[in-house]
Amino acid sequence: MNILSLFVLIPALMLLGLWAARNLNQVRGVMVTGASCLLALSIWLTVYFLQQRAGGNTDEMLLVASTPWFKPLNIAYSVGVDGISVVMLLLSSIIVFTGTFASWQLKPLTKEYFLWFTLLSTGVFGFFICTDMFTMFMFYEVALIPMYLLIGVWGSGHKEYSAMKLTLMLMGGSALLILGILGIYYFSGATTMNVNEIAAMHNIPVDMQKVFFPFIFIGFGVLGALFPFHTWSPDGHASAPTAVSMLHAGVLMKLGGYGCFRVAMYLLPEAAQELSWIFLILTTISVVYGALSACVQTDLKYINAYSSVSHCGLVLFALLMMSQTACTGAILQMLSHGLMTALFFALIGMIYGRTHTRDIRELAGLMKIMPFLAVGYVIAGLANLGLPGFSGFIAEMTIFVGSFGAEPLSGDPNTSFRMVATIIACMSIVVTAVYILRVVGKILYGEVENKHFLELTDATWDERVAVICLIFCVAGLGLCPFLFSDIISPATGNILSSIGVM
């Protein structure tokens, strides 16, 4: 058995263990054991990948394997990883591990909650290891469907509305995806749905590429909060329980950027070059609009949700620049934002669980009441606004440096178009600082206005585990970015070479 299949097998065994569990301690034991195994496996895979590259193994994909699944349609269970897949698997395992501790005290229906949470995780891991388009799509759907119940049953606020809106909009994106996948398969003339083999053939007519590129890019872009298809995101994040928000913003939205790069741009390169300027306009709007919208929110979750729209828009923005530096920055941003936003949502959930409010107008002086959570929030805020030493700084600077010097492509309206778009997107840095510093100053400092808050307690041990792990990762990426850029850069270079821009 290929070792990558363990990323699907372990969650499957966790599902069986959860189904057999008879009490809360057994449920927690299964989750911690499974999440720890997934984290250890992803760390081993990262070290193995670095060793292979250091040893001179320059294969585009490692640990490649394929097993026929449905021969009439040439569908196979094909797996393999490159640098991009490796860091996404590492991110996913970190969020699942910390999300388990963030949900330690969740009630009621704890067992059922973790069953759906684990099923969602199965889809995420399966998506990142697969190289067959149909199998990727299958795992993509497995990752989306549990969100409806996780939000609708265990969420808060307008949870039924948010769950339905999220599901319908993402399923609409899925409909576009399946049309695009079938179009690629048919017009490529391939006898396989393997992404790498179709890319190597490079025989899809340019006219057909232009037809199906918007289907794939928008289909994945809906999950990546592409403007104007982003409206499900703030409502979904605001209503989701803590760990689901962590997994949703931290990992699930990354499926959108990953799919846009791995499928849309990789398999439809000419269309990507000619139509990129259209989507660059939309992603530039996402970056600025998301940041400005966060400034006027009063709900902590909505602030972070609109911030995620801005930061995920920056991922798609950088990918469409099609320079190796910008694309490497995009993957770093996916990793950085996944960690930062998971930390934010974990802290917001912990604060809400004590104060029973997320309205910043009702919160003040939390630094005196719960100093651990308050310091964690300050660190998350500083990382989000791009303070040097944290992950946000290195990711955003890599994106803007790579984007500002990006070469114009054949479809660009004029030679300065990408430079102007980069300057506009850079404005989000200032806006981000405005809403982060506003919130930190409002809720953490000053006098405690609600005297009932004085009776509240600080973080418990399980909450401290989640917060400390995420802070360590955010700081680690910021201080040692070369460890990850060395993994990512060759993979982005291989894809861009296939597109024909290097």
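Contact here means heavy atoms within 4.5 Å of each other. Helices (H or I, at least four residues) and strands (E, at least two) are DSSP runs, numbered from the N terminus.

This is a predicted model, where local features need pLDDT of at least 70, side-chain atom pairs count only at pLDDT 80 or more, and totals for chains, interfaces and linings use all residues. Residues are numbered from 1 along each chain as its sequence is written, and side-chain values use heavy atoms, with hydrogens and water left out.

**Stop 1**

Select residues 159-188. This is helix α7, with 30 residues. From first C-alpha to last it reaches 43 Å, close to the expected 44 Å. The expected span is 1.5 Å times one less than the number of residues. Step just past α7 to Gly189, which takes a positive phi of about 70°.

Axes are lines fitted to C-alpha atoms, for helices over the stretch in contact, and angles run from 0 to 180 degrees between N-to-C directions. Angles under 35 degrees count as roughly parallel, over 145 as roughly antiparallel, 65 to 115 as roughly perpendicular and the rest as oblique.

Show side chains. On the α5 side, pick Met133, Phe137, Tyr140, Glu141 and Leu144. They meet α7 residues including Leu170, Met171, Ser174 and Leu177. The contact of α5 with α7 has 11 nonpolar, 1 polar and 1 charged residues. Ala, Val, Leu, Ile, Met, Phe, Trp, Tyr, Cys and Pro count as nonpolar, Asp, Glu, Lys and Arg as charged, and the others, Gly among them, as polar.

**Stop 1: α1 and α2**

Select 6-20 for α1 and 24-54 for α2. Their axes come within 9 Å and cross at roughly 175°. That makes α1 roughly antiparallel to α2. Among the α1 residues that meet α2 are Leu6, Phe7 and Ile10. This contact has 15 nonpolar, 4 polar and no charged residues.

**Stop 2: the hairpin**

Select β1 (62-70) and β2 (75-81), which pair in the antiparallel sense over 6 bridges. Pairing needs at least two DSSP bridges between the strands. Phe70 has Ile75 as its bridge partner. Between the strands lie 4 residues, and Asn74 in the turn has a positive phi of about 55°.

**Stop 3: loops**

Go to Leu109, in the loop between α3 and α4. Leu109 has a positive phi of about 50°, although it is not a glycine. Next, find Phe227 and Pro228, joined by a cis peptide bond with omega about 0°. Pro228 sits in the loop between α9 and α10.

**Stop 4: a salt bridge**

Select Asp299 and Arg358, whose side chains meet in a salt bridge (3.1 Å, N to O). The pair ties together parts 59 residues apart in sequence, because Asp299 lies in the loop between α13 and α14 and Arg358 in the loop between α15 and α16. A salt bridge is a side-chain nitrogen of Lys or Arg within 4 Å of a carboxyl oxygen of Asp or Glu.
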